[in-house]
Amino acid sequence: MFFLICSRFNTSKDGYLSLDELKRMMEVLGAPQTHLGLKMMIKEVDEDGDGRLSFHEFMLVFRKARAGELDEDSGLGQLARLTEVDVDKVGVNGAKEFFEAKIGELSKKSKFEDEIRQEQEERKRMEEEKAVRRHEFLQKAAVFK
């Protein structure tokens, strides 16, 4: 599970989830957190004190959730609820389908975000071209003054 999340949200590709990467992940999962909430989430399972989540620390979230040590409304509780699947109930194939569906959802959101980003970049490029054309026009018009 961590590897699936890392491949999507670990933009630094260092094998850890930083505060910003955790923030983005929680937003995409539909459970956005405040900056302080994110820091508290990391602090609760950050055994080595490096301010980011390793594979082992990420797995602690699920261990704590299974042991009933997490408040369901807390950030870690929401993370566990949104990303955990009970293999005993759904079987291995059910877990596979669950994770494939989650990846599909994330890909759809990513495509939508990419489209918006491309539109914004295109709009910015057009504005820059417009400014260059206006500047060139004003330079040519200055010859006639």
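Modeller: The accessible surface of the protein comes to about 10200 Å², and 54% of that area belongs to carbon and sulfur atoms; such areas come from the Shrake-Rupley method with a 1.4 Å probe, and for residues only the protein chains shown count as cover. This is a predicted model, in which local features need pLDDT of at least 70 and side-chain atom pairs count only at pLDDT 80 or more, while totals for chains, interfaces and linings use all residues. Residues are numbered from 1 along each chain as its sequence is written, and side-chain values use heavy atoms, with hydrogens and water left out.

The protein has six helices and zero strands, where helices (H or I, at least four residues) and strands (E, at least two) are DSSP runs numbered from the N terminus. Of its 145 residues, 29% are buried, a word that stands for under 20% relative accessible area, with exposed meaning over 50% and partly exposed in between (1.4 Å probe, protein chains only).

The part to look at closely is the packing of α2 on α3. Two packed helices are described by the angle between their axes and the distance between the axes. Here the axes of α2 (residues 19–28) and α3 (residues 35–45) come within 10 Å and cross at roughly 110°; axes are lines fitted to C-alpha atoms, for helices over the stretch in contact, and angles run from 0 to 180 degrees between N-to-C directions.

On the α2 side, the contact (heavy atoms within 4.5 Å) is made by Leu19, Leu22, Lys23 and Met26, and on the α3 side by His35, Leu38, Lys39, Met41 and Ile42. By class, six of these residues are nonpolar, one is polar and two are charged; Ala, Val, Leu, Ile, Met, Phe, Trp, Tyr, Cys and Pro count as nonpolar, Asp, Glu, Lys and Arg as charged, and the others, Gly among them, as polar.

At 35% relative accessibility, Gly15 counts as partly exposed, and its C-alpha atom is separated by 6.9 Å from that of Ser54, 39 residues apart along the chain. Tyr16 lies in that loop between α1 and α2 as well, and with a relative accessible area of 26% Tyr16 is partly exposed.
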